[in-house]
Amino acid sequence: MAIVTTPKKACAVNPLKMSQPIGGALAFMGLRGAMPLLHGSQGCTSFGLTLFVRHFKEAVPLQTTAMSEVAIVLGGYENVEQAILNIYNRTKPEIIGICSTGVTETNGDDVDAYIKLIREQHPQLAKFPLVFVSTPDFKDAFQNGWEKTVARIVEVLVEAPALEAERDPARVNVLPGCHLTPGDLDELRTILEDFGLKPSFLPDLAGSLDGHIPDEFTPTTIGGIGVDEVASMGQSSWTIAIGAQMRRAAEAMQAKTGVPFRLFERLCGLIPNDEFIAFLSEISGRPVPAKYRRQRGQLADAMLDAHFHIGGRKLAIGAEPDLLFDLSSMLHELGAQVTAAVTTTQSPVLERIGTKEVLIGDLEDLEELARTRDCDLLITHSHGRQAAARLKIPFYRAGFPMFDRIGAGHQLSVGYRGTRDAIFSIANLVIADRDENHQPTPDSWRASTPLRPGGRSFIDATERSIA
Amino acid sequence: MSSLSAAIQEIFNEPGCAKNANKSDAERKKGCTKQLQPGGTAGGCTFDGAKIALQPFTDVAHLVHGPIACEGNSWDNRGAASSGASIWRTGFTTDLNETDIVFGGEKRLYKAIKEIINKYNPPAIFVYQTCVPAMIGDDINAVCKAASQKFGKPVIPINSPGFVGPKNLGNKLAGEALLEHVIGTQEPDYTTPYDINLIGEYNLSGELWQVKPLLDELGLRILSCISGDGKYRQVASSHRARAAMLVCSKAMINVARKMEERYGIPFFEGSFYGIQDSSDSLREIARLLVERGAPSELIERTQAVIAREEARAWAAIEPYKPRFAGKRALLITGGVKSWSVVAALQEAGLELVGTSVKKSTKQDKERIKKRMGQDAHMIEDMTPREIYKMLKDAKADIMLSGGKSQFVALKAAMPWLDINQERCHAYMGYVGMVKLVEEIDKALFNPIWEQLRRPVPWDEVAKNRQTKAITQMDAQAAEITGDPETTRRAKKVCFCKEADLGTIEDAIRSHGLTSVEAVRQHTNAFGGCCKRRIEDILATIPVSSPPAMQQAAE
């Protein structure tokens with residue numbers, strides 16, 4: 001349906017996009033006892049660290065190879081070696097995950113070869129889990145970094161099961177995209193367990209960045225999936241991938257272990273969850289628990305209550321492809337019109353978004369489109385706050401980063417219940433905005449006065465979107 | 001790039017820096033900071049430092065020439081405040097892609113400058129160099145020069161690629177760029193004998209505005225603030241100031257010193273953190289201005305304002321003294337703040353159990369000693385694990401630090417207060433110190449701490465259940481290991497009156513009892529629900545030969 005375009009601007013203004021290496025680092029943070037390491041200047045790590053800390057409001061493990069000018073000239077081998085040794089000796093991690101950056105990719109550092117050499121030089125590291133992912137800053141976006149890293153973890157850490165090994169019929173692998181929050185993962189875990197399934201989440205941010213208070217101080221991640229559990233994922237009977245970005249990891253899993261996968265591009269909305277629950281019932285061989293029949297009813301009721309407020313709304317949304325597809329489709333299915341859609345990187349789901357055009361651009365583009373097309377609902381991450389203030393329209397924060405509100409890690413959007421809560425939050429913003437800014441006055445009913453910006457009529461909007 | 005390394009060398013030779021003056025030539029060449037340790041470093045890069053130092057200029061477009069990471073991951077993340085312009089909060093970046101890396105990014109940079117001028121028309125553009133374009137040889141100086149000429153607008157190159165060093169070096173490189181390209185390029189509309197520059201003040205949370213009313217009252221004009229709530233025109237004409245105050249210790253010492261050298265503007269290092277320091281700073285400003293020709297009555301007026309403000313502040317802090325009695329604070333911060341807030345905290349009655357001196361200079365340390373006494377607990381380098389342990393063991397009641405270490409305190413369920421750049425309260429000047437004390441009080445006495453430190457009751461329940469189970473198991477174990485006869489005899493027969501098998505057997509044997517009724521008379525046994533059991537016992541003991549009876553008969 002939608003045409004994907006790229007603007008011909010030389011200068012990105014108010015970036016929507018974040019860089020690949022920190023997307024990769026976040027994926028490593030879903031492993032237990034992990035220390036993500038960015039191979040680049042110390043600033044690459046420092047910026048990412050600040051961003052994660054402000055979003056999750058948690059201590060975040062992230063290290064740097066601290067490349068200096070001289071190190072760049074000489075190549076990064078020594079820095080990678082020293083960094084690994086320092087981390088290994090000081091923080092006693094269970095795994096070190098390494099992502100390259102713009103600097104070291106421009107330089108052409110062959111980190112896989114470095115790792116081989118380091119293992120030879122230091123026998124204590126011979127078997128130690130070290131995973132390297134190539135994530136140059138000057139290509140792709142945050143979501144791609146996550147995608148590549150999870151696929152790489154599968155390739156390196158999952159063990160191919162022996163031929164005669166039996167699969168555990170109750171065990172299921174879940175590969176969540178980076179658009180899901182720790183709260184979403186907890187919700188999915190509950191759903192799967194209610195069907196008697198035993199899920200292994202890779203990565204499992206719900207174990208590490210959900211805010212729980214550990215008994216002991218640890219400089220690495222305080223939870224997440226263990227390397228041993230990752231290794232045994234080949235014994236599962238199914239892999240559930242969530243978000244189109246996870247196809248790569250799911251295929252890698254299938255290629256290595258033969259575990260079949262089912263990809264759910266969306267888990268926000270009634271129909272996607274019907275399919276999801278039906279699938280769980282099918283693979284578990286159990287009827288759907290009464291709880292979910294009730295939750296489905298509650299979601300249906302929420303849709304009935306919310307459609308008055310969301311129907312006809314002109315939505316301006318800026319997000320990474322999978323989140324954009326998920327949220328915009330859910331609102332489209334509630335009668336909203338996706339009037340401006342901006343994203344960060346290419347993805348096969350973009351052309352299926354219910355709109356005419358999807359722009360790979362920045363928040364300046366989104367703000368401009370929202371202004372010229374009279375949008376009256378803005379959805380993007382926290383960096384959209386300036387645009388929202390200028391546009392004076394309701395602003396729902398979604399995605400990463402969300403640094404100016406608390407509870408970012410627990411914002412729900414998956415499952416019947418998560419969809420219901422998301423719908424309530426968005427509809428309430430619209431209601432509050434009408435009460436505060438759009439109370440009728442005698443003038444608002446005069447036919448002669450043109451519709452003020454922000455004034456809305458469904459017919460008017462439809463005509464314009466057709467025009 | 002040769003100019004960049006020259007600039008860095010010059011910074012390392014800074015004569016205004018006391019630390020530098022004591023070094024040998026070879027040491028000086030190595031630079032100011034310890035070699036960064038791969039895998040053990042936490043801190044910003046040079047580009048980060050340059051941006052921090054300059055971004056508070058509010059009417060300038062700050063364009064970052066590099067891949068998305070440098071700006072995309074970091075924009076709009078500082079708490080500086082603006083009284084008007086907002087373009088400084090707009091993120092501009094060339095977002096270099098693979099093709100640019102191969103063919104060079106200069107053309108894209110030039111076009112980006114053009115786009116910004118067409119769309120936003122700011123009074124000036126600052127272009128920040130980052131690692132990748134520096135590596136591929138993009139000459140931003142040349143592009144900026146060409147763009148300046150073409151568009152008739154200052155386009156200033158800030159040569160600060162992240163790989164050359166840490167944040168602090170970036171502050172200084174930013175200062176060098178201002179000295180080279182900006183300061184002295186315009187003239188102010190008018191000058192007064194009361195014009196001052198503030199150097200190294202970033203107006204975080206708008207805290208400069210807590211001090212400004214005092215300056216206004218004294219008739220002092222901030223000709224230029226570098227860079228909090230600053231405007232391009234102000235800094236360009238800042239060379240006409242009569243005196244300058246260097247606010248953030250060493251960060252921009254090169255700017256202050258070179259302005260003194262070039263334009264004869266005397267400067268002093270001061271701080272508006274802490275009551276004593278605020279007063280000292282105001283006095284020093286007045287003194288320098290009078291020395292440069294301002295009427296001498298300024299000093300008396302300043303003294304009057306200081307006396308009034310100090311009295312007010314101390315009076316406001318006074319009520320907290322009894323509340324803070326016996327409370328201990330741990331201060332983890334760098335540089336100036338390691339000593340400047342110490343006085344206020346002590347005056348409020350807090351005991352300081354330690355202050356970090358990792359980023360402090362020798363002078364800073366001297367000042368700490370002066371304030372906290374010779375045995376001041378100065379912490380050189382404390383790992384998060386150590387801080388956590390210290391708080392967990394309740395060696396301190398509150399920690400004051402920057403945002404990065406906050407979770408160490410919070411996860412130990414210990415009060416914590418942000419006193420670095422991400423904080424949301426302004427602690428500058430006299431009112432700021434009172435605010436700080438207020439915030440400490442709020443943090444210390446918040447009811448959450450008591451709740452969070454309480455042990456979980458269901459852990460207790462579980463533990464009790466466990467103890468019970470263990471006692472039972474122990475008892476069973478004793479049964480197994482103990483003398484079988486004792487165990488057998490200890491078995492309860494009557495549960496109501498607690499009569500055991502041994503007692504009943506003895507009674508039967510010694511008295512030759514034959515009926516439940518008789519047993520009841522001779523023992524505690526009630527003979528109700530245990531009637532059947534007593535009958536069974538009677539049945540097992542032969543009546544004919546009760547050994548006890550025989551004994552008695554003999």
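Chain A of this predicted model has 18 helices and 15 strands. Here helices (H or I, at least four residues) and strands (E, at least two) are DSSP runs, numbered from the N terminus. The radius of gyration of chain A is 23 Å, close to the 23 Å that the globule rule gives for 467 residues, so chain A is as compact as a globular protein of that length. That radius is taken over C-alpha atoms, and the rule is 2.2 Å times the number of residues to the power 0.38. Along its principal axes, the C-alpha trace of chain A spans about 85 × 60 × 40 Å.

A quick word on the ground rules. Residues are numbered from 1 along each chain as its sequence is written, while chains are lettered from A and ligands numbered from 1 in the order in which they are written. Local features need pLDDT of at least 70 and side-chain atom pairs count only at pLDDT 80 or more, but totals for chains, interfaces and linings use all residues.

Now for the inside. Buried residues make up 57% of the 467 residues in chain A; a residue is buried if 20 or more other C-beta atoms, placed from the backbone, lie within 10 Å of its own.

| Domain of chain A | Residues |
|---|---|
| domain 1 | 20–140 |
| domain 2 | 168–294 |
| domain 3 | 297–438 + 451–466 |

How do domains 1 and 2 meet? In chain A, 18 residues of domain 1 are in contact with 16 residues of domain 2, where contact puts C-beta atoms, placed from the backbone, within 7 Å. On the domain 1 side of chain A, the elements giving two or more residues are α1 (20–28) and β3 (34–39). α1(A) gives the most, with three residues. That side divides into 11 nonpolar, four polar and three charged residues. Ala, Val, Leu, Ile, Met, Phe, Trp, Tyr, Cys and Pro count as nonpolar, Asp, Glu, Lys and Arg as charged, and the others, Gly among them, as polar. The C-alpha centres of these two domains of chain A lie 27 Å apart.

Finally, take a look at strand β8 (residues 198–201) of chain A. Strand β7 (residues 168–176) of chain A pairs with β8(A) in the parallel sense over four bridges; strands pair if DSSP finds at least two bridges between them. N173(A) has S200(A) in β8(A) as its bridge partner.

Notes: Buried ≥ 20, exposed ≤ 12 C-beta atoms within 10 Å, placed from the backbone. Domains from an automatic or database assignment. Contact = placed C-beta atoms within 7 Å.
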